[in-house]
Amino acid sequence: MSKYLIGGLKVEYDARGDILRENSEKYLDDFDGPADIKCTVSEEFLKEKQKEIPHLSLAAHEYMWTGAAFGLEVLNHEGIILHSSCVQKDGKAYLFSARSGTGKSTHTHLWTKYLENTSIINDDKPLLIKKDGNWYACGNPFSGKTNENTDTAAVLRAIVFLQRSEKNHIEKISPGQAVSLFIEQTINPSDKDKSIKMLEKIDDILTNVPAFRLYCNMEPDAAITAFKGIEEAIKNED
């Protein structure tokens, strides 16, 4: 199995297909000692899944199911995956989460186009991991259809849940309002112990990182409204 360093975690898996292999290359690492996570899925399992969804190639299934295995295993450490598009600005990470098709990627690419010092960390499934008392958003190989991800990490500044609207408006929401939105966009394990760990991590994140709801269109002003609204809300609480 090949070795990778992802968000500070030592990870091993076989990348047989070109999609997983190419996305994983930037995370290759010759670390010493045992891996924190091993998440290779068997070829037999992948062939069964391909029978269920035949329009996807075996390589696509490998990429998808290895990512799912990774998402479950990080719960045993200090990590969790959130289905979102993650952008960093001035070294701080901002997550934009919503159901598929809402416009997460479109919105974060408005940030990279119209706000300075901005880049994508992961366009679909950033890893959130706690280090030294802070939550970080980290790049990882599993980034959906766009394959946009970077081997970087930034302190998590805010989590924003998108909702399409004709007018741009952002409002801060409570942890209680955000928890169901978060659960809806993360991996929900069937294993009881992992479910408890998932809920503990969500509680920790939402206790320490502000959450927002953004009503937005896909015009440039949406990015400006989001950034200014987040920063003003955080400044007012300091």
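Contact here means heavy atoms within 4.5 Å. Helices (H or I, at least four residues) and strands (E, at least two) are DSSP runs, numbered from the N terminus. The model is predicted: local features need pLDDT of at least 70, side-chain atom pairs count only at pLDDT 80 or more, and totals for chains, interfaces and linings use all residues. Residues are numbered from 1 along each chain as its sequence is written, and side-chain values use heavy atoms, with hydrogens and water left out.

**View A. Packing of α5 against α6.** From α5, residues P175, A178, V179, F182 and I183 meet L199, I202, I205 and L206 of α6. The two helices pack at an angle of about 135°, and their axes are 10 Å apart. This makes α5 oblique to α6. Axes are lines fitted to C-alpha atoms, for helices over the stretch in contact, and angles run from 0 to 180 degrees between N-to-C directions. Angles under 35 degrees count as roughly parallel, over 145 as roughly antiparallel, 65 to 115 as roughly perpendicular and the rest as oblique.

**View B. The largest nonpolar core.** A nonpolar core is a set of buried Ala, Val, Leu, Ile, Met, Phe, Trp, Tyr and Cys residues joined through side-chain atoms within 4.5 Å. Buried means under 20% relative accessible area, exposed over 50%, and partly exposed in between (1.4 Å probe, protein chains only). This core has 24 residues, of which L128, L156, I159, F182 and I205 touch the most other members. Two or more residues each come from β6 (92-97), β9 (134-138), β10 (153-164), α5 (175-184) and α6 (192-208). Apart from this core lies another, of 23 residues, including F96, A158, C216 and A222.

View C. N149 is buried, with a relative accessible area of 7%. Its side chain makes a polar contact (a pair of N or O atoms within 3.5 Å; within protein, one must be able to donate a hydrogen and the other to accept it, and residues adjacent in sequence count only if both atoms are side-chain atoms) with the side chain of Y27, at 2.8 Å. The N149 side chain also reaches the backbone oxygen of N147 at 3.4 Å.

**View D. Positive phi at D90 and D132.** Most residues other than glycine have a negative phi. D90, in the loop between β5 (84-89) and β6, has phi near 55° and is partly exposed at 47% relative accessible area. D132, in the loop between β8 (127-131) and β9, has phi near 50° and is exposed at 78%.
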